[in-house]
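Q: I am new to this structure and would like to learn how to read it. Could we take it feature by feature?

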Amino acid sequence: MANGATGIGARVKRKEDKRFITGKGKYTDDVRMENQAYAAFVRSPHAHANVKSIDKSAALAMEGVVDVLDGHQLTGDGIGNIICGWAVASKDGSPMNMGAWSALATQKVRYVGDAVAVVIADTQALARIAAEAVEVEYEELPAVVKADKALTKSAPEIHDNAPGNLIYNWEIGDAAKADAGLAAAKHITEMEITNNRVSPNPMEPRSAVATYDEAEEHYTLYTTSQNPHVARLVLSAFYNVAPEHKLRVIAPDVGGGFGAKIYIYPEEITCLWASMKTNRSVKWTSDRSEAFITDAHGRDHISTAKMGFDENGKITGFKVDTIANLGAYMSLFSSSVPTYLYATLLSGQYDIQNLHANVRAVYTNTVPVDAYRGAGRPEACYLIERMMETAAREMGMKPAELRARNFVREFPHETPVIMTYDSGDFDANLAQAEEAADVAGFPARQAEAAKRGKLRGLGYSCYIEACGIAPSAAVGGLGAGVGLWESAEVRVNPVGTIEILTGSHSHGQGHETTFAQIVAERFDLPLDNVAIVHGDTDKVQFGMGTYGSRSGAVGMSAIVKAMDKVEAKVRKIAAHQLEASEDDIVIEGGEVKVAGTDKALGWHEIGLAAYTAHNLPPEMEPGLKESAFYDPSNFTFPAGCYICEVEVDPDTGTTEVVQFTASDDFGTIINPMIVEGQVHGGLAQGIGQAMMEQVIYDDDGQLITGSYMDYTMPRAADLPFYSVHHASTVCPGNPLGMKGCGEAGAIGSPPAVINAITDAIGNNNLSMPATPQNVWNALQAVTASQAAE
Amino acid sequence: MTKVKMTVNGKAVTREVSGETLLSEFLREDLRLTGTHIGCDTSQCGACVVHIDGKAVKSCTTLAAATDGAEVTTIEGLANGDLHPMQAAFKEHHGLQCGFCTPGMIMSGVDMVNRYKAEGREVTAEAVRHELEGNICRCTGYHNIVKAVQDAATKM
């Protein structure tokens, strides 16, 4: 039933493109309800302060202001605190210290941007002017913004129930074995590694339009969400906004997410509640400045690590101590990022028997930190891959050789940090990347660059990550508050066209195309006969949404499972009508045939037969619609090798990425065009983190990088063309053999970039982002140490 | 309030606007042409780019009143019936993912190619990257956008 032009593996152009290239996309801010009012939030200008009083009178007196609402009213109406949905216990068994987070603060504000009130007005401009007129009296408190400083004795305490600002002190692996491994080592590499804080910055700012229907006591929320069903569940079960059957959440076209649109923020909660309070539709759209102070940030780890090697370069022990900054409140999945999504990947592509990691998560007076493209795995990859490259240089070995000596080559492979790698061929990815990057020709290129006064460097990164977090029972055992399966429904219409309702959500990933491809291939139908429905809790039965590169491995697997059921029924109907055995039925070319005969029914005739129900097998229910829930048996493990080549101008520290080569193992690829696009975007974000991006707070907790004038987003001229390749092994864990491709680029690329720059400048001591200033300073340190010798 | 008259996507439009109304706001809210997007508040991201009298302009930093008498083209009015070659090239080369920056990218791309053609300059990859300085994309890593603009240049 191969469907070469449009099936699995075909570079099908996207079905969804036309509306986007003609300006007909429908994003949340494009929605306009009748009787719509606008929300503007009154936000704390202080990083840490007690709220003494709120004077709303001037704002309320303005014509066109509908109401001004505060946190006392919100909590008084029973709206619950925002919660973190993954319970991570400390190593002493005590539960994590989760501080209370009200959508509108009542007693205390804990970061610049913390909302204390909301103005509802007839126009957006008026709402914003009136918000300025709300007078809040604050009593300022000392603030702390750095994770390590938050743990010091003199640091101010941010939440009463988190002594010393410690959320948890967690560990994984065997400390005694790791110590013994290090003690037995011939060489130890020791590094302090910072993973810089970044802001996800999807180009569409967050937005919400909430409507309360008084007669039905029903709410509708349009929102910029990666997971509308999760939003409904949390809004209903934890925030008590409305019971689930009285709340419809629609995430229409969403302009990028990268993790930042997983969470249910104070603004959506407040808009829903305010629509009930005012009996108006309430719309809020963030501007970019507001996004910088409200969208969850990413990364922000400080680590020290020791890796020991024997005389053959085999890793004997690896020990990591990490402090993770979770910001002022615990966002929805924040606790899992520096633990189960980070430390569990610290074995990398390597056979490491003795491994231990300790992670302390802390509160600071900054925007909450949660998952950002890669979520924990980029932090793990950056740490290991900088360690490996540095260790190779210290031991005088080729970085690729040191890695290869430690590669895992037998699968399944159980790591000491609870992962079971199911498949992979790390040598193949390394070889493919080295050939594509022409590593052999590097010395000549380096010599040529030197003639032009440029320092040319080469850096590797051999990454492994984990996608499609599962199975649900296992993640539940680790503290997750939700299951991580996916659901799908396959509806074959009476005319034979097909609608796929999926719990995955596309916000740039091209699901309307790739999901249709697997259906077109399976039933050998034209792609145009298949439509994908997603993003509306009234249409799709349930779904866990799209993050963690799960839509292929988990979302598509649910569709396959539902298609299995549809196919079984189609076979039964055809066998009955054509008087043949089910085993002899083949589905091909728009027909359902009896193999080896000229007996056939059109695909549409099967659809019609199912719905007319005039001639179905005895006891068969009419209709042709099946649903399925798919819960994976394991994580999937995308892996690969990235090689970055840079040129540094020693006079200015300016660095250019002159070549970036990727060899990825994503398992089965449905649409190479789309997968390559995912890699390109991930690489851009990873290179951005490595060279340009940095969220900066001053010591008082004021955000310095609060706009695109200050936060350096990568532009077209900052980035190269990418050389993207695939060397795949099939994932044994799901029916299509898929591993996931959405985050790999952002996970694997930062260490490759920094390894290349440190190679060029001859100094391993360089932190992200490698701005011209940082690179220049690192170069001066080399010059100074040479002068001292 | 000021009375403004302009041509938007070939149609004459007359409206009363307040002096501080931005063109982006006027297009999105008054005319409901929501293909023009707002991605920032510092005139950096370029999601709002439209053409005023044939030139690419950021509509978020243009007052509606200042465009009185002008001919404005938005993403919705770029093509006559079929897709504009720039639109077609973005689809062909997978030059978009979430689609939010895309209208601005396309409008900037068209303007760039028109200028380069008029001046007889070659639309190199380097030139495209330089010209897109005022348009930010977070999804594509620009690789396919650059290819799309270069390809469209051969067809415009």
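Q: How far does α16(A) reach from its first C-alpha to its last?
A: Helices (H or I, at least four residues) and strands (E, at least two) are DSSP runs, numbered from the N terminus. The expected span of a helix is 1.5 Å times one less than its number of residues. Here α16(A), with 28 residues, reaches 38 Å, close to the 40 Å expected. After α16(A) comes A:Glu579, with a positive phi near 55°.

Q: What kind of model is this, and how are its parts numbered?
A: This is a predicted model, in which local features need pLDDT of at least 70 and side-chain atom pairs count only at pLDDT 80 or more, while totals for chains, interfaces and linings use all residues. Residues are numbered from 1 along each chain as its sequence is written, and chains are lettered from A and ligands numbered from 1 in the order in which they are written.

Q: What scores does the model have, and what pLDDT does chain B average?
A: pLDDT is the predictor's confidence in each residue, from 0 to 100. Where pLDDT is low, the predicted coordinates should not be read in detail. Chain B averages 97, and 100% of its residues score at least 70. The model has an ipTM of 0.98 and a pTM of 0.97.

Q: How many helices and strands does chain A have, and why is chain A called as compact as a globular protein of its length?
A: Chain A has 20 helices and 28 strands. The radius of gyration is taken over C-alpha atoms, and the globule rule is 2.2 Å times the number of residues to the power 0.38. For the 789 residues of chain A the rule gives 28 Å; the value is 27 Å, close to that, so chain A is as compact as a globular protein of that length. Its C-alpha atoms fill a box of roughly 95 × 75 × 50 Å along the principal axes.

Q: What pattern does chain B follow along its sequence?
A: Chain B has five helices and five strands, in the order β-β-α-β-β-β-α-α-α-α. Its radius of gyration is 15 Å, which agrees with the value near 15 Å for a compact globule of 156 residues.

Q: What share of each chain is buried?
A: A residue is buried if 20 or more other C-beta atoms lie within 10 Å of its own, exposed if 12 or fewer, and partly exposed in between, with C-beta atoms placed from the backbone. Buried residues make up 60% of chain A and 55% of chain B.

Q: Which residues touch the most other members of the largest nonpolar core?
A: In soluble globular proteins, nonpolar side chains tend to be buried together. A nonpolar core is a set of buried Ala, Val, Leu, Ile, Met, Phe, Trp, Tyr and Cys residues joined through C-beta atoms within 7 Å. The largest has 305 residues, and A:Ala39, A:Val118, A:Val119, A:Val519, A:Ile559 and A:Val753 touch the most other members. Helix α16 of chain A gives the largest share of this core, eleven residues.

Q: How many residues of chain A are in contact with chain B?
A: Two residues are in contact if their C-beta atoms, placed from the backbone, lie within 7 Å. By that rule 42 residues of chain A meet 43 residues of chain B. On the chain A side, α1, α9 (288-294) and α18 (672-691) each give two or more residues, and α18(A) gives the most, seven.

Q: What do the buried residues of α3(B) pack against?
A: Helix α3 of chain B, residues 102-118, reaches 24 Å, close to the 24 Å expected for its 17 residues. Its buried residues include B:Met105, B:Ile106 and B:Val110. They pack against α1 (17-21) of chain A, and against β3, β4, α2, α4 and α5 of chain B.

Q: Which peptide bonds are cis, and where is phi positive in a residue other than glycine?
A: Most residues other than glycine have a negative phi, and most peptide bonds are trans. The bond from A:Ala470 to A:Pro471 is cis, with omega near -10°, and the bond from A:Met768 to A:Pro769 is cis, with omega near -5°. A:Phe258 has a positive phi near 60° and is buried, with 31 other C-beta atoms within 10 Å. A:Ala613 has a positive phi of about 60°, but counts as exposed, with 11 C-beta neighbours inside 10 Å.
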